[in-house]
Amino acid sequence: MNLFNPKAVVTALSVSMASLSGAAFAADSAEPIVIPTHNWSSQVVMAYVIGGMFESMGSNVEYVPADSQAVYEAIRNGDVTISHEVWQSTFGASFYNAMEKGGVIDAGTHEAATLEEMGVPSYVIENNLCPGLPNWEALKDCPEVFATADSDGKGRWLEGPQSWHGDLMPVRVDALGLGDLYTVKFAGGADAIWAELESAKKEGRGIITFNWTPNFTDAEGFVFLEFPGYTDGCRVADGGDGACGSPKGWLKKAANYKFPKTHPAAYTAFSKISFTTTQIGQMAALVDVDKLSHQDAATKWLADNEAVWKPFTE
Ligand code: TMO
């Protein structure tokens, strides 16, 4: 630069000021991005996976255990920044309610399609323990196959924790006319479902549990029961009689409406994130099959899958 040429000095100054202010506009806030953790494995591993991605971009993150229904209100009022696994069947209503009140935005949809439904391990079908399954009507002829010590002689549906679905399944059992034959028991947590599936398998015993895909069980053989098809409005909460199965649904991401402004780079990365059925199944399997901690599972997943997640951050 020729310091004796005033025009060159002015040009150099304005260029450096422009890039300075450009940097100021693009920089993400140092305030932590608050990521919720819930009570199933892929969600917790993915929390640390996404947190690790944000940290690789220079952001600060914080993890908070949160109820998986109440979290949408917490996102709406800004206590929590994002939700990275919004499952249509269980949480679609809470998500849309919070959006309608204002303060929550839809940050895109994962590639993975979802199903959250009652089902049986594949050996139940292969060994013909209840002929006609997976069609739900076959259940009418074999409640005793699914009876347990605590089920009063009825067949048992082992549902997940009540915090996921509320009374959806007890209502469904009655709506389908199965109330005299089946009873719904709620598992204390996901681990109780996996323990029951394992012991039933050892004994070759019939068992009906709630389960979902993507999950580690995709690789092990689990068959979802086929109920009358889901339609908008078929559930009691939506004005219907409840005699329907779960939707073949979406898996979305949600964020507080300020997130794009406070953390534009992290928000852009978050909006690009799209995980597949295989990737989400792997995240769950690292914990539920390989028995890693959630944090170690995320560290391993990030190390093994840089080609998947790096492009989301660029
Ligand atoms: C919300 N869940 C995936 C456990 O169904």
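**A ligand between two domains**

Domain 1 (30-113 + 249-313) and domain 2 (115-238) both contribute residues to the shell around the ligand, so the ligand lies between them. The model described here is predicted. Within it, the ligand sits in the largest cavity.

The ligand is surrounded by Trp40, Trp87, Thr90, Phe91, Glu116, Trp164, Phe210 and Trp212. Taken alone, the ligand would expose 210 Å², and the protein buries 100% of that area. In terms of secondary structure, helix H4 (88-101) and strand E8 (208-213) each provide at least two residues of the shell.

The backbone, too, has some features to find in the structure above. Two cis peptide bonds can be visited in turn. In one, Leu133 is joined to Pro134 with an omega of about 15°, and Pro134 is placed in the loop between helix H5 (122-126) and strand E6 (155-159). The loop between H5 and E6 also holds Asn128, a residue other than glycine whose phi is positive, near 55°. In the other cis bond, which runs from Thr213 to Pro214, omega is near 5°. Pro214 belongs to the loop between E8 and strand E9 (222-224), and E8 is one of the elements that supply residues to the shell around the ligand.

Conventions:
Residues numbered from 1 in each chain as written. Predicted model: local features only at pLDDT ≥ 70, side-chain atom pairs only at ≥ 80, totals over all residues. Heavy atoms only, no water. Near = heavy atom within 4 Å. Areas by Shrake-Rupley, 256 points an atom, 1.4 Å probe, with all protein chains shown as cover. 1 Å grid on protein atoms, 1.4 Å probe; cavity = no way out; pocket = protein on both sides within 12 Å on 5 of 7 lines; lining within 4 Å. Sits in = over half its atoms within 2 Å of the grid points. Helix = DSSP H or I, 4+ residues; strand = E, 2+ residues; numbered from the N terminus. Domains from an automatic or database assignment.
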